[in-house]
Amino acid sequence: MSARWGMVIDLDRCTGCQACVVACQAENNIPINTEDIFHQRRAIEWIRVERYWEGEYPNVKARYIPIPCMHCAQAPCESVCPVYATYQTTQGINMQIYNRCIGTRYCAVNCPWHVRFFNYWEPKWPESLKHQLNPHVSVRSRGVMEKCTFCVQRIVRTEQEAQVEGREVEDGEFTTACAQACPTDAIVFGDLDDPDSRVAQMASDTDRGYQLLSGLGTDPAVLYLKKIDPDATDEIDGIGPDGTRD
Amino acid sequence: MRRRDFLKLLTVSTTGAVLFTGCKLGGYDDREFQKQSPVEHPADLPFGRDNWYATAFPAVGGGIGTIVRVFEGRAKKVEGNPDFPLNMGKTGPRAQAIVQEVYHPDRIDGPMRRNGNSFERISWSDATAEVAQLVQNASNPLLVTEPISGAIARIAGEFAEESGAQHLVYEPDEFVVLREAMRRVFGTDRFPALDLPNAGAVVSFGADFLHNWISPVQFSVGYGEFRQGGNGSRGSYFHVGPRLSDSAASADRWYPNTPGTEGMIALSVAYTMVEEGMATEERAEEVFGGISLDDYVPEDIADQTGLTADQIRDIARELGRNAPSIAIAGGSAAAHTNGLFNLAAVFALNYLTESVNTEGGLLLNPGSPDPDVIPNRIGGASYQEWDQIIEEMLAGDIDLLMVHKANPAFGLPEASRFHDGLDQVSTVVSFSSFMDETTRHADLILPDNTTLEQWGLDLPDPAPGFQLISVQQPVVEPFVSSRNFGDSLIRIANEAGLSYSWSSVQDAVRSLGGALAEVGRGLPDDNDDPREFFLAMQTQGGWWDEESRMEEAPSGPEDMPSPSEAQFSGDESEYDFYFLPFPTNSWEYGETANLPWLQGLPDPITTAVWTTWVELNMDTAEEMGVQLGDMVRIESPSGSIEVPVYVNPAAPPNVAAVPIGQGHTEYTHYAEDRGANPIEIVAAQTDGETGALAWAATRVRLEPTGERIRFPRFERQLPFQLEDNPVVQVTRDA
């Protein structure tokens, strides 16, 4: 199947509840982020919810934005990997081959969104909690990079099932763990190349759509829909990494 | 591709990059790379099949329906049940983390008996026999549970009746006030549903309804549609409250008010609605009865409330002009000495906008199809009722305390003397799965199964506006030697020679399920064969009837509480801050602080993890000479705690907000000795009418201790955090 997987995140629906964060941890065998790990600034969250302040008390706003890997079509992380451990699949997923990674961390340095995470230590779980681990997702070892895969294990499983049944994968037949959990349906995943898919329609049917740091020209597969604020004093249309407006 | 093949590939050509990027990955099938691990090695092949079981989480987020992925007998992942009308396939962070309960390393792994300061393992037969003996000999036994309904309510009720035990329910006091407000305003003691997808506007007075207020997953599902649903118009949301809560951050406008003035603002909103022709004087008279709305002219009372007159008028227009609209109140608004008045005044606004039990309004829930057979959820006792019980405990009148999924030793303030009372109880029996503060006092522990290992038949509260019952089934075998609380009660009763209607919880669930088949309506509708009917219920996650709604709403409040002003413990000259404890997105009132995923989940507003903090206004912090991580002592007339500072740009200058949930002395190594419990220093003030603890009615003073800690948080975690670039784009156009 030739799909181009992508995601639309509607910031007007997002309430910052972080169900996506825990769902991703549960699905993808992400190690427990202990207090020490936060102090070391090595917490791993394949999708995170950032909060931005705007204004001053009492006219202050807190804005939420979930940030997974952008799965850029022109990914800056790919070109710097000396061992081709990071690459683009034909379906537009920016993948990491764990047993090829030698841990140079060049990719993390080159990622503008900082959605690549390095395993400084062997991940640890108490023996009993290992029973929860997802058998279809590798546990990453010390010294390798890890990142959001758009829940590739779900993609592979669904494609295999469709292949056995001799049919195409249907839109909405599966989704990523974060999108499935999201209670406000702020996260929608699907095939951007299928004009009938919900994600493609959301991406094209709105004038609220934008790509994060689009000025970099990396062409992310994750699109955002702008937050609506009827009282916004200044519509913020995005500021590029160099501080200039798009 | 194996590592060896890969190296071979590189050796073949010095231009490996060209091979990979230009020649379709050197001739290897691209799909091979999609595997997260190489599948050639047998050890990497997962053998087994996935099974998905529908069940329910009655105690999580108001009760949601779930499906659980089970692989080779182990629970792997929780998803929302797409058939279940309450949450329609969606979940929240706490539901996602519940699988950690099952495999928690500190779970109590079998029945225990106290031996000095520690516990020793005993057999289930010994444990059951000992408790049965205690029940037989007890002159005044007390059974304490969480709010329960359905099958477990019948079992516990029958146990209490047969054994002569008092049954007391423990739940956070704000819900005690809310239940009473629902009774007084709408004539029902069930929580309301909100028809958000069809509402024009929502105004929340303190209720963090998208994160931890009564049914956050249900409301979040509706909220998504409310904002960007198919009806073509975007609903607007205003939030009134002394803290920019996790939900308030999503509001179009947040108006910080003086704590305890929510009711006064509501009456002023009502006055404005009448004045500006959005409601008639007669209707207002009907709704607010003897209250003179003329005493609440916005310009006259604005100073007292902390809002401007224009802001109060804006709220009125928001609700009045966008009707059907929804006004709700909860959280700290309920936790004042005038908590009941605050809530009742706000909920009564829904009558003025004709939004009670209408499309797009506040929906009243009809409750159980047969409350005698399938009881509605039993609400909690008020602080005053607890106070009486504690008096009895102190006097040595209660000789046996049995406690299940309730932790009053953590949730009640020091001033309640619950700990002293516990010491005077001859025997304490706990049915907890984890060692918590109350269980630490136990003489015997009969550990309960966790959520995923249990049978149950419950009535979620709130339901979605029609009759709904969830069916819980064990999706995995108990991971340790634990036993359903209900099964323990039944066996204890049998051992004590008491009669019982059922032989097990499963038996009770099936029996009550059979009663549903006899109702003759709703889904599943195949009720000819009871076995098939129950199987269908199990498969879809419960029973519901979308037609069985509350037929008629009352025309106005039955018994509107009189207006009253909030009273605070601590003189303003001595204690210059309002103390504002608040439940959190991760730990609610502390129930889920034992789960490491939730400990490490950043607080939405502060991004803090694994700790407690006090939120201070930027100017206040500067005046005090403190910054992030500086420790301050928070002193109330009832005690003190020490917590680090988080400088919050949205904190009002005179409010010290502290999250509830940490400060456990027990409750697994993930929660133990971490942060502080703000409830400890709350004064024993109560709501004048319900007797519920007014946990937001304490004033405090702050004093820097001179110490500083590294503040654990997610913010600034990444080397080049995007914080400096406003990546959240905003538009005014809906």
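This is a predicted model: local features need pLDDT of at least 70, side-chain atom pairs count only at pLDDT 80 or more; totals for chains, interfaces and linings use all residues.
## A sheet in chain A

In chain A, 4 strands make up an open sheet, in the order 8-1-10-9, and the pairing is mixed. Which strands sit at the edges? They are strand 8 (187-191) and strand 9 (209-211) of chain A, each pairing on one side only. On average, neighbouring strands of this sheet are turned by 30° against each other, direction ignored.

## Where the two chains meet

How many residues does each chain bring to the contact? Chain A gives 84 residues and chain B gives 77 residues. On the chain B side, the elements that supply two or more residues include helix 1 (3-12), strand 3 (74-80), helix 8 (216-228) and strand 26 (730-731). Helix 8 of chain B gives the most to this side, with 7 residues. Sorted by type, the chain B side has 39 nonpolar, 22 polar and 16 charged residues.

## Two cis prolines in chain B

Have a look at the bond from B:Asp461 to B:Pro462: this peptide bond is cis, with omega near 10°. You'll find B:Pro462 in the loop between strand 17 (456-458) and strand 18 (466-472) of chain B.

Another cis peptide bond links B:Leu523 to B:Pro524, with omega at about 0°. B:Pro524 is in a loop too, between helix 18 (505-519) and helix 19 (530-540) of chain B.

## Positive phi without glycine

B:Glu588 isn't a glycine, yet its phi is positive, near 45°. This residue belongs to the loop between strand 20 (577-582) and helix 20 of chain B. Is B:Glu588 buried or exposed? B:Glu588 counts as buried because 21 other C-beta atoms lie within 10 Å, and the cut-off for buried is 20 or more.

B:Thr668 isn't a glycine either, and its phi is positive at about 75°. B:Thr668 is part of helix 22 (residues 668-671) of chain B. With 20 other C-beta atoms within 10 Å, B:Thr668 is buried as well.

Definitions and conventions. Residues are numbered from 1 along each chain as its sequence is written. Chains are lettered from A and ligands numbered from 1 in the order in which they are written. Two residues are in contact if their C-beta atoms, placed from the backbone, lie within 7 Å. Ala, Val, Leu, Ile, Met, Phe, Trp, Tyr, Cys and Pro count as nonpolar, Asp, Glu, Lys and Arg as charged, and the others, Gly among them, as polar. Two strands pair if DSSP finds at least two bridges between them. Axes are lines fitted to C-alpha atoms, for helices over the stretch in contact, and angles run from 0 to 180 degrees between N-to-C directions. A residue is buried if 20 or more other C-beta atoms lie within 10 Å of its own, exposed if 12 or fewer, and partly exposed in between; C-beta atoms are placed from the backbone.
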